[in-house]
2 protein chains.
Amino acid sequence: MYEAPVSYASSCFSCTKTVYYAGTRDYNPKQMAIREKVFNIIISCFKRHGAETIDTPVFELKETLTGKYGEDSKLIYDLKDQGGELLSLRYDLTVPFARYLAMNKITNIKRYHIAKVYRRDNPAMTRGRYREFYQCDFDIAGQYDAMIPDAECLKIVYEILNELDLGDFHIKVNDRRILDGMFAVCGVPDEKFRTICSTVDKLDKMAWEDVKKEMVNEKGLSEDVANRIGEYVSMQGGQDLAEQLLQDPKLSQNKQACAGLTDMKLLFSYLELFQVTDKVVFDLSLARGLDYYTGVIYEAILSQTIPAPAEQNGADEAAVSVGSVAGGGRYDGLVGMFDPKGRKVPCVGVSIGIERIFSIMEQKTSSEKVRTTETQVLVASAQKNLLEERLKLTSELWNTGIKAEVLYKKNPKLLSQLQHCEETGIPLVAILGEQELKDGVVKLRNVASREEVRLIVSQIVYNLSCILTKHFD
Amino acid sequence: MYEAPVSYASSCFSCTKTVYYAGTRDYNPKQMAIREKVFNIIISCFKRHGAETIDTPVFELKETLTGKYGEDSKLIYDLKDQGGELLSLRYDLTVPFARYLAMNKITNIKRYHIAKVYRRDNPAMTRGRYREFYQCDFDIAGQYDAMIPDAECLKIVYEILNELDLGDFHIKVNDRRILDGMFAVCGVPDEKFRTICSTVDKLDKMAWEDVKKEMVNEKGLSEDVANRIGEYVSMQGGQDLAEQLLQDPKLSQNKQACAGLTDMKLLFSYLELFQVTDKVVFDLSLARGLDYYTGVIYEAILSQTIPAPAEQNGADEAAVSVGSVAGGGRYDGLVGMFDPKGRKVPCVGVSIGIERIFSIMEQKTSSEKVRTTETQVLVASAQKNLLEERLKLTSELWNTGIKAEVLYKKNPKLLSQLQHCEETGIPLVAILGEQELKDGVVKLRNVASREEVRLIVSQIVYNLSCILTKHFD
C-alpha cells in the first residue's frame, strides 16, 4: 500500500487550508466560491473596459524568460530536460504577453489574462504569498496619445478595489524617467541607477536612515548624494507636486525628468476626469524593481492589516500589513525584445495580486456559511420505494435547466434529506409521497420558512420555474 | 537585441493558431470567446447537478503520480531538481482528486474541476490533441446505493454533448468486472488480463483480425481463446444484452461477470428514467486503458469527422474521426492508495475531452465573425478638442456598470470611431458635438441601423441603461 505523503502536510494560518508541498495549496469548495466571486468582479471590470482575453501555455521556452527579471531570475522553475526544448514555468503574464504580441505581429490590443504563475520564492503564507499563485493582468498595447491608456489602468485598479470592498486603499504613482532624472541631478553615476533604484524600492519596508546606510555603505554613494536623494523621495503630492518639480532648478534642467513630470501632470488631469484623484498619490519614493518599465509606474496599497494567525506555538507576530495588492506601469521596450527586427509596441498594464485579496476575503468570511453549490431544489420522498419517481422528476427538472439534486439512496429518511438541504443551503424541497402521487400532486416545501404548497404533478416543472424566478433569483 | 525564437514557430492546421513550442498553443481572443462559451455550457451543467468545485496545484509530488498510469507514466513532465521535493506536472485531475480526498479525509463530495493537464505525448494537433490541454472532470465520491451516481455521470455526458450541439454521438458502456469475467471464462491466464485488456482497447482503431493477431502472436494466447474473446467483444446492446449474458452458460458461472452484469441491468433501468438510453450502448469491446477502474466504464464518441486540413505541403490525409470526447468510470480503490490506513472511498466520474470539442467549435465558426469584447457603447466625438468631454462621459458610464470604450486619441476622426464599432461589433455610439453639448444633448446612434436619438446630457446615463436593457440584453 502506498503511504500518503503526510510528512509534507502542515496546516497553514487558517484551518481551512492544507498545504502539502511547501508554498502551494489546494482550494476547497468554500475557497473556490470566494475565488469565483472575486474573479467575477475583476472580469466584469475588465470587460466593462472593453478588454478581450487570451491564454498562453503554463511553460515557455527557457530562453524567453532569460534576462527579463534581473536578480529574480533565480526564482524561475525549470522543467527537467527530458529531451526536446528547455522549458520553464512562467514567472509572470507580462513576458508571455510580449512574446505573444511579437510572434503574432500584433500592434494593437487591450487584453486581460487571468492565470497562475510560478516563483521558487520563500512563501509567506500569512500574507497570502504562495509559490503558485494567480495573476490578473490587464494591458493596453498600441501607439496612442500620451497618458490616456495609463489613466484607464489606474481607473481600473480604483474600480476593482472599490468593488471588492476591502477597506481604504491608496495608489502610489511615479515615473521611471523622473527617478532616473532625479538620480542624475543628485549625482548618482549612470551605472548605479538600477541598483540605487532597488534600494529606494525598500523605502516601504525600511526607514530612510537604513536605506541611506545601504546607499552609502553598500552601494558606495557619497553622503551628500544620498542626502539629496533623501530630500526628493520624501515628497508626495498630486498635480501640484508635478508642477512644483517642473520649476525645480535642478530637475527642470534634466530632459528625462521634464518629460516624466509633464506626463505626470497630464495623467493627473485625466485622473481628475475619471474622479479617482482622492486615492492617487504622486510619490517620488515609489521605484518598482522590474527592469522593463520605461515610464509611469504605480502600486496600490491596502490600509488594512491582517491580524496575525493564532498559531499553536503561540507566536506573537504582530498583525502584518497586507501591502501591495496591485501594481504595474508602462513598458515600451519589452515587445521589441522578442521581435527579430526589434520593432517596438508601447504597452502599459496592471497586475492585480489576487492571492492577498483571497486571503483577506477568506478571513472576512471565515465565520460565515458560504454556499458552495447552487442547487435550487432537492427531490425527496417521504416513504420508501419511491426511488424511480424521484429520479424521474429530478431528470425532468434538469431537462428544463432547474438545478436539482437527489440523494443517491434507495430509501433515504425524510429527515436526512431535509438535513442535506439545511447543511448545503438548498432553499426548496419537493417531497414525493404515495398518497400525493395518487392524487397527482407533489408537496413543495420552503426549507427556511417550512411553508408548503401542493403542485400538480403534470405542471410541476412549469410551476417550479415560476416560483424560482419569482422568489429565488 | 534578443532574437525571437521564431524557429519553433510553425503554423498549425488552422491559420488562427500559432504553435511555438511543439504541442502547445496560445489562445487568441476569438478562441477564448469560443472557449468561454463551451466552458459556460459545461459548468452550468455541473452546477445544475449540484456540484461544488475545487482546485489543486499544477504540480504534485512526483511520488503521488508514480504507479498510477501504467505504461503512460513515461509521458509525465518532471520539474528540474532545483533543491527541495521532486515535482511533476499533473497528468490528469483524477489522481490529484484522490490525493485531495485522502489528505483531507473527505468521504463524500460531488465536485467538478476544470484545469490544464500535461502529457509528453506526440501531439496530433489536427485532432485537437496537445501536450498541454484542459480537462473538465465531474466526480461523485461516497458510499451510495449501486449505480445511481454512475447513471448521473452518463446523464451529464448526454446533456453536455446535446447542448454543445456537435452532431450525433453515442456513449459506449462496459464494466471492468464483465471484462475480467469474460477473460476468465475464455481461458486467459490471470496475469494476462491487463495486457489483453490493452489489446481489446485497440478495437476502436484496428480490425478484429489485427487485434486477434496481436493476442496470439505478441501476447501468446491460443487461437481458441482469442476466438472466444472475439465472439464476446462483437456484442452490443442494451439492458436486453445484460439479461441475455446473465443466462450465458459460461459467464453466468463467473462471480465477477455476474456482479457486473447485474449492475449493468440496474444502470440501464436508471438510464431509462433519465431518458438517455437512445444514445447509450452496452459494448463488450470497450476496455479503457487506465489501471484504476474497478467497475463501470464509459466513453462518448462523436459520429462527426473533422475534414482534413488543407496543408501547404498538400497532405492528402483523409478526414480524421474526432473519436472519443468524454470518458470515465468507477474507481473504488484509488483514494485508498493515498490513505495511510488504506481506507477506501468509492468514486465514479467523467472527464470531458474539451480540446477536441474546441477544435470542432473553431472549425464551425472559422468563417463567422465572433465578438471578442462585450462593449456596449463607444463614446465618440464629431469635432476636435472634445477629449475631456469624452473621457468624462465614459467614466460616468463605467461608474454605472455600462461597458464603454473611448479611443485613446486626442482628436480621432468620426469615421475611424465608427469603423472601430463596426470591426468589433459595438452596437451603440454616443457622439459628442460642440453644438449638441451647448444644447445639453448627446446623439446616440445605433451602429447597425444608423438610427439616431438625442439624449439630454444630464440624463444620458439613465436613458442609456434603459435602452441597453430593452434592446441589447
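Is Cys197(B) buried or exposed? Cys197(B) is buried, because its relative accessibility is 2% and the limit for that class is under 20%. The points below go through the rest of this predicted model.

1. **Cysteines.** Cys45(A) is another cysteine to look at. Its relative accessible area is 0%, so Cys45(A) is buried. Over all chains, the count of disulfides is 0.

2. **Chain A overall.** Start with the elements. Chain A has 15 helices and 20 strands. The chain holds 473 residues, and 56% of them are buried. Now take the contacts in chain A with a separation of 6 or more. Residues 24 or more positions apart account for 68% of these.

3. **Tyr77(A).** This residue sits in a loop of chain A, between helix H2 (62-65) and strand S5 (87-89). Is Tyr77(A) buried or exposed? Tyr77(A) is buried, because its relative accessible area is 3% and buried means under 20%. Look also at Arg90(A). In sequence, Tyr77(A) and Arg90(A) are 13 residues apart. In space, their C-alpha atoms are 8.0 Å apart.

4. **Where the chains meet.** How many residues of chain A are in contact with chain B? The number is 95, and they touch 95 residues of chain B. About 9000 Å² is buried between the two chains. Carbon and sulfur atoms give 60% of that area.

5. **The chain A side.** Which helix gives the largest share of the side of chain A that touches chain B? It is helix H12 (residues 387-399) of chain A, with 7 residues. Sorted by class, this side of chain A has 45 nonpolar, 32 charged and 18 polar residues.

6. **Helix H5 of chain B.** Among the buried ones are Ile178(B), Leu179(B), Met182(B) and Phe183(B). Charged residues are on the list too, including Arg176(B), Arg177(B) and Asp180(B). What do the buried residues of H5(B) pack against? Their partners in chain B are strands S8, S10 and S11 (296-302), together with helices H6 (193-200), H8 (223-233) and H10.

7. **The ends of H5(B).** Asp175(B) caps the N-terminal end. One of its side-chain oxygens lies 2.8 Å from the backbone nitrogen of Arg177(B). After the helix comes Gly187(B), with a positive phi near 95°.

8. **Asp165(B).** Phi is positive here, about 60°, although Asp165(B) is not a glycine. The residue lies in the loop that runs between helix H4 (148-164) and strand S8 (169-175) of chain B. Asp165(B) is exposed, because its relative accessibility is 54% and exposed means over 50%.

9. **Gln275(B).** This non-glycine residue also has a positive phi, near 55°. Find Gln275(B) in the loop between helix H10 (255-273) and strand S10 (280-283) of chain B. Its relative accessibility is 49%, so Gln275(B) counts as partly exposed.

Terms used:
Residues are numbered from 1 along each chain as its sequence is written. Chains are lettered from A and ligands numbered from 1 in the order in which they are written. This is a predicted model: local features need pLDDT of at least 70, side-chain atom pairs count only at pLDDT 80 or more; totals for chains, interfaces and linings use all residues. Side-chain values use heavy atoms; hydrogens and water are left out. Contact means heavy atoms within 4.5 Å. Buried area is the accessible area (1.4 Å probe) that two parts lose on being put together, summed over both. Helices (H or I, at least four residues) and strands (E, at least two) are DSSP runs, numbered from the N terminus. A disulfide is a pair of cysteine sulfur atoms within 2.5 Å. Buried means under 20% relative accessible area, exposed over 50%, partly exposed in between (1.4 Å probe, protein chains only). A polar contact is a pair of N or O atoms within 3.5 Å; within protein, one must be able to donate a hydrogen and the other to accept it, and residues adjacent in sequence count only if both atoms are side-chain atoms.
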